[in-house]
Amino acid sequence: MKILKYLFLLLLLSLVALTVFVATQKGIFSVERSKVINSPKATVYNYINDFRNYEDFESWSVADPSIKMTFPNKTAGNGASYYWAGAEGNGNAITIKTKEGESIQQKMKYDGTEADVNWTFKDTLGGKTKVTWKATGTMSFLFKVYTALNGGSDKVIGTIYEKSLANIDKNLDYETKTFAVDVNGVVNKTETPYIKQTFTSEISKISKNARIVIPKLIEFSENNGLSANGKPFIIYHTYDNTTGLAKISICLPTNKEISTTSGSDILGGTLNGFEAVKVTLKGDYSHTSSAIAKATAYINKEKITPDLSWSRLEILTVSKLDVKSPSKLITEIYFPVKPKAVPVVKTPVTRTEAEPTYSEPTTETDPSEAPKPAPKPKPKVTPKVTTPKTTEEEQSEF
């Protein structure tokens, strides 16, 4: 019995000593880790800026499948957030401030531990990106105990950051390099009513703008008795690589055409039918240049005449609003072309007045504003024709 008492007393003294030791340790921590990621800066920034991806790269989440993450509607950009719950505790993070492609500032809370989290992104040689992940904060008493028993806060948190950065590099290497482009040939795009927002955007920010505008269009349609009639699409009126700017209309197809009040930033319209070379891109949007190159090669090979009055149409068949993995995105791209001329077969005319013919407007317009061909009037027929027209007269009517 005395031995048990001594052991208990020794254990109690050890616990008191540990408590005193932990209590005297600084509760403030600062941890920083960096890694060069084998992907372009914009791709890395967009990946980390979306909290939905954290369950795929944060090492503690990957190692513990029992952790449940909850995502609200907004998971990217300022005000984005997410929550997690697990056997070892609950926490949440919120994005406070972002600088496009450059930095992300966040606040993180985890069972009494709080931290200011900062991400920075720098271009490196070979199109790679140096990512720096830094956290500064205060630890709860239990977390101080845990870090004291496991080598300190820098080792504990730093190890988590190192493994997570390695996961980011591995995931993005697969996601950004897994893609395919299929040329589907010449197709007819049917008439489509839609609602839209039109503006000039930096080319690099079109995907981001689409994720902002499309939910607004969906909300507008629901509030005005409309129903979506297909996937969102983007009309590129102009596309200038020199300036890095494009004039675009982000559109939501609807079940009917509407007119909006003056001053509304959301407008209604109808996309008239047109012929196009269709290309399907499966994978990250950064491979659009490969899709454009394949479409151009096909157009040149088949001696197709492109319609240069506007650039192209992109249907977001599977977008970032549907999936988080870039490799699973699907974008249908339509490059407008001019219809091939149909040879005219001349036949004798047995009436005194030939039918009027429709000719295309000489001024080229974008597809949402192009007029529809006028219907042909019924021919006027003279009951009696006493003499047939000569060949020369016949040819003068065409």
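Below are some questions and answers about this model.

Residues are numbered from 1 along each chain as its sequence is written. This is a predicted model, so local features need pLDDT of at least 70 and side-chain atom pairs count only at pLDDT 80 or more, while totals for chains, interfaces and linings use all residues.

Q: What pLDDT does the protein average?
A: pLDDT is the predictor's confidence in each residue, from 0 to 100. In this protein, 79% of the residues score at least 70. The average is 83.

Q: How many contacts beyond near neighbours in sequence does the model have for residues 351-365?
A: Over residues 351-365 the pLDDT is below 50. A contact means heavy atoms within 4.5 Å. Beyond near neighbours in sequence, the count for this stretch is 20.

Q: What share of the residues is buried?
A: Buried means under 20% relative accessible area (1.4 Å probe, protein chains only). The protein has 398 residues, and the buried share is 37%.

Q: What percentage of the contacts with a separation of 6 or more comes from residues 24 or more positions apart?
A: Contacts in the protein with a separation of 6 or more are the ones counted here. Residues 24 or more positions apart account for 68%.

How values were computed. Heavy atoms only, no water. Buried < 20%, exposed > 50% of the residue type's maximum accessible area, 1.4 Å probe, protein only.
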